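Let's take a friendly walk through a two-chain model. Have the sequence and the 3D view open as you read.

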Amino acid sequence: MSAFDKVCAARAKGRPTGMDFINNIFQDFVELHGDRRFGDDKAVVTGIARLNGMPVTVVALEKGHDTKEKVARNFGSAHPEGYRKALRQMQLAEKFGRPVVCFVDTSGAYCGIAAEERGQGQAIAENLMQMMTLEVPVVSILIGEGGSGGALALAVADEVWMLENSVYSVISPEGCASILWKDSKKIKEASECLKLTADDLLQLGVIETIIRESGKDFSKTYQKLNQRLWATLTKNRQLPTKELVTKRYNRFRKFGEIFE
Amino acid sequence: MLTKELFRRPKNELENYNKHFKAVLPDVPNELCVLCPVCKQTLFTGSLQENANVCPKCGHHFRINARQRIDMMTDEGTFVEFYGNILSKNPIQFPNYDEKLKQAQLASAEKEAVVCGTAKISGFDCALFVMDPYFMMGSMGTVVGEKITRIFEYATEHSMPVVGFTVSGGARMQEGILSLMQMAKTSGAVKLHSDAYNLYLAVLTDPTTGGVTASFAMEADIILAEPNALIGFAGPRVIEQTMRQKLPAGFQRSEFLLEKGFIDAIVNRKIQKATIARILSLHTKGESE
């Protein structure tokens with residue numbers, strides 16, 4: 001599959017979304033709403049659940065399934081209140097010593113007048129800063145599209161995993177094409193240039209693992225995720241807090257090679 | 001380039017500002033006069049430079065490079081540059097990136113888009129970072145992320161305040177995902193500096209957008225901005241395309257952010273040094289009267 005094929009697969013109609021992963025991996029999910037500042041952003045689903053008995057906090061960017069739901073959820077593009085809602089839940093997780101699992105699937109943080117008025121940049125920045133030192137284990141999983149800062153705002157984690165057919169990028173291929181060639185139709189070329197597939201990112205050391213998919217049947221994928229999450233979270237829970245946080249810092253600290 | 005500029009109509013009112021900044025670059029000594037893009041007055045370059053590159057008629061803040069800003073904001077002879085020799089690689093073999101870097105180095109006379117070091121501001125020691133708009137519009141790739149991270153780590157180690165001047169188009173596309181990772185990396189360094197009870201003061205200048213706004217620019221304890229600076233996450237053109245409507249005048253300008261509660265104060269460049277010094281003096285450790 002080419003990079004562009006991966007982009008199409010990540011965006012494909014019928015691909016499971018955040019809620020599907022929550023419902024099929026965890027038990028006893030209780031959805032919790034609102035950022036206590038402005039409102040409840042339906043592009044972000046948050047709540048608490050059990051992972052094979054262990055209480056966890058779950059955060060997911062949710063694109064929606066049918067047209068009506070997609071509109072209500074803004075196609076998975078969060079406003080600042082969505083990121084603040086996620087942060088509120090993560091801080092509660094810290095208070096109660098629950099690990100955090102984030103599912104990322106967004107073409108990007110919403111760009112619009114209201115989002116700017118309410119501080120989209122500030123909301124994302126705050127998450128990056130607070131997640132870095134969150135004193136509980138965090139795992140983020142890219143399940144579809146990982147669109148730039150809007151995705152990263154839920155992906156500062158001890159480990160970041162990608163599904164086989166997900167993509168993660170600093171800019172959309174369309175955006176890249178229109179800047180590079182002044183032609184937003186050259187998505188194929190741009191997709192190649194950006195190195196946005198799971199294989200590329202594993203090679204660049206930006207993710208820990210690729211979760212293989214088996215066609216349209218995701219039941220095995222859910223099962224695999226359940227097992228891997230259990231293994232990783234129970235292991236990381238054993239680490240002293242300071243070590244956990246230092247490891248996370250060093251994980252991001254190492255990114256990027258330079259000449260010196 | 002010049003002819004292209006001439007025929008290029010700005011897509012909206014917001015983009016129309018600061019189009020003539022090139023005229024005040026120090027490497028253009030033949031330019032005796034400059035036209036202020038806001039009030040349309042003809043200004044003598046010399047008198048403009050004496051006025052901190054602020055239009056004496058209307059107060060428009062002309063864009064300046066990192067070295068000009070360091071000269072203006074720090075005590076003479078106190079600036080010591082750190083990490084000045086770090087250079088970018090082309091980590092994802094992005095087409096034409098190597099050339100682009102060379103051009104940026106020529107255009108800015110800098111090796112990368114941020115200058116870091118230590119200096120005194122009216123006698124107060126601080127760690128400093130100053131971004132440069134003439135190097136790929138201050139975009140953040142690995143080197144910018146690394147230098148910002150290092151200066152915060154240095155300041156944490158030495159219990160020093162950080163003073164930072166931002167100007168950036170955001171994360172640098174040509175380094176792909178690794179540019180995005182710099183947002184997390186710098187944010188982590190800011191957090192550790194903050195957790196150790198150190199002061200971080202940022203001055204946002206025109207323009208500060210994208211991944212820099214969504215990371216270290218908005219993470220300061222105290223955020224100042226220059227008047228009428230464009231500050232936002234998404235650029236105005238992208239928002240206009242998405243919303244299919246014209247943006248209101250003044251949208252995403254410093255004054256707008258002040259009103260919405262996202263910055264602490266707007267400070268004219270001419271009194272910035274004094275203001276920063278006063279804030280630093282109010283944060284000196286272990287001294288109280």
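## Ground rules

This is a predicted model, where local features need pLDDT of at least 70 and side-chain atom pairs count only at pLDDT 80 or more, while totals for chains, interfaces and linings use all residues. Residues are numbered from 1 along each chain as its sequence is written, and chains are lettered from A and ligands numbered from 1 in the order in which they are written.

## Chain B at a glance

Chain B has 10 helices and 10 strands. Of the 289 residues in chain B, 48% are buried. Here "buried" takes 20 or more other C-beta atoms within 10 Å of a residue's own, "exposed" takes 12 or fewer, and "partly exposed" is in between, with C-beta atoms placed from the backbone.

Look at contacts in chain B between residues at least 6 apart in sequence: 67% of them join residues at least 24 apart. Two residues are in contact if their C-beta atoms, placed from the backbone, lie within 7 Å.

## Where the chains meet

How many residues does the contact take from each chain? It takes 42 from chain A and 47 from chain B. On the chain A side, α6(A) supplies the largest share, 8 residues. By class, the residues on that side are 26 nonpolar, 10 polar and 6 charged. For this count, Ala, Val, Leu, Ile, Met, Phe, Trp, Tyr, Cys and Pro are nonpolar, Asp, Glu, Lys and Arg are charged, and the others, Gly among them, are polar.

Strands join in too: β9(A) and β4(B) (residues 87-88) run antiparallel, with 2 bridges between them. Strands count as paired if DSSP finds at least two bridges. A:Ile258 has B:Ser88 as its bridge partner.

## Two helices crossing

Two packed helices are described by the angle between their axes and the distance between the axes. For α6(A) and α6(B), the axes come within 8 Å and cross at roughly 65 degrees. These axes are lines fitted to C-alpha atoms over the stretch in contact, with angles from 0 to 180 degrees between N-to-C directions.

Residues of α6(A) in this meeting include A:Leu128 and A:Met132, while those of α6(B) include B:Met183 and B:Val190. The contact has 7 nonpolar, 2 polar and 1 charged residues.

## The nonpolar core

The largest nonpolar core has 149 residues, and A:Val104 and A:Leu128 touch the most other members. Such a core is a set of buried Ala, Val, Leu, Ile, Met, Phe, Trp, Tyr and Cys residues joined through C-beta atoms within 7 Å. Helix α6 (residues 176-195) of chain B gives the most to this core, with 9 residues.

## A sheet and a helix in chain B

Strand β6(B) (residues 124-131) has 6 of its 8 residues buried. On one partner, β5(B) (residues 114-121), 8 antiparallel bridges join the strands; B:Val114 pairs with B:Met131. The hairpin of β5(B) and β6(B) has 2 residues between the strands, and B:Ser122 takes a positive phi near 50 degrees. β6(B) also pairs with β7(B) (residues 162-168), parallel this time, over 4 bridges.

Beyond four places in sequence, its contacts include B:Ala127 and B:His193.
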